[in-house]
Amino acid sequence: KLVSFDSTNADWQYSLGLIYSNIGLIHMKSKEYTSAVNYFRLAIATLNPIVQKYPDNSAWNDSLNLSYFFLGDVQKEIGDATSARQSYQSSAEILEKIGTASSNFLSNRRRLAKIYYRLGLIDFENNHMEEALKSFQKFITVTEDLKNKYPEIDELDEMLRVASKFVRKVY
């Protein structure tokens, strides 16, 4: 009601978008995927206009990015590869845009690496080898950059081995 009362109040819209995204996460964790998709879409529809109006607000960009990321996870889980690819691509575009401006640089770069890895898998599974190669190459670039700056990070090592093996096979 608050947002409909004053639709120009971006702070209220942001709070509402976070609420929708959190409800989507609850449904995702409960494996209630249809509801999760609906709430992530509500979050995106609520957050997108304020991010468009205030593109330099990294917190709002981060929240929109997470909504796309989790929507992609749910869509991939239910077998909707085309929609998952679009959601992951939207998330990646936001992360590339905000780059180093976010206070969440490390977690955003890790997420970007994971997105490129998931895009590579989706394309590979759907026999789009050229796109898979591009995504895996982007994954490798982001991951190697992270490993150079933060050598203690090992959570991406197995994905790096898989992506590198795929790229070597193709070349």
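Q: Why is Arg118 called partly exposed in this predicted model?
A: Arg118 has a relative accessible area of 22%, and since buried means under 20% and exposed means over 50%, a value in between is classed as partly exposed.

Q: What makes the contact of Arg118 with Asp73 a salt bridge?
A: The closest N and O atoms of Arg118 and Asp73 are 2.6 Å apart, and because the criterion asks for a side-chain nitrogen of Lys or Arg within 4 Å of a carboxyl oxygen of Asp or Glu, the pair qualifies.

Q: Why is Glu131 called partly exposed?
A: The relative accessible area of Glu131 is 33%, and because this class lies between the 20% and 50% limits, the label follows.

Q: What makes Lys134 and Glu131 a salt bridge, and where do the two residues lie?
A: Their closest N and O atoms are 3.5 Å apart, again within 4 Å. Both residues lie in helix H7, three residues apart, which is about one turn of the helix. Through salt bridges that share partners, Arg85, Asp123, Glu131 and Lys134 are joined into one network, while the structure holds seven salt bridges.

Q: Why is Lys31 called exposed?
A: Lys31 has 60% relative accessibility, and the class of exposed residues begins over 50%, so the label applies. Lys31 is placed in the loop between helix H2 (10–29) and helix H3 (33–53).

Q: What makes the phi of Lys31 worth a remark?
A: Its phi is near 60°, a positive value in a residue other than glycine. Most residues other than glycine have a negative phi.

Q: How do you know that Asn127 counts as exposed, and what is its phi?
A: Asn127 reaches 59% relative accessibility, and exposed means over 50%, so Asn127 falls in that class. Asn127, in the loop between H6 and H7, has a positive phi of about 60° although it is not a glycine.

How values were computed. Residues numbered from 1 in each chain as written. Predicted model: local features only at pLDDT ≥ 70, side-chain atom pairs only at ≥ 80, totals over all residues. Heavy atoms only, no water. Buried < 20%, exposed > 50% of the residue type's maximum accessible area, 1.4 Å probe, protein only. Helix = DSSP H or I, 4+ residues; strand = E, 2+ residues; numbered from the N terminus.
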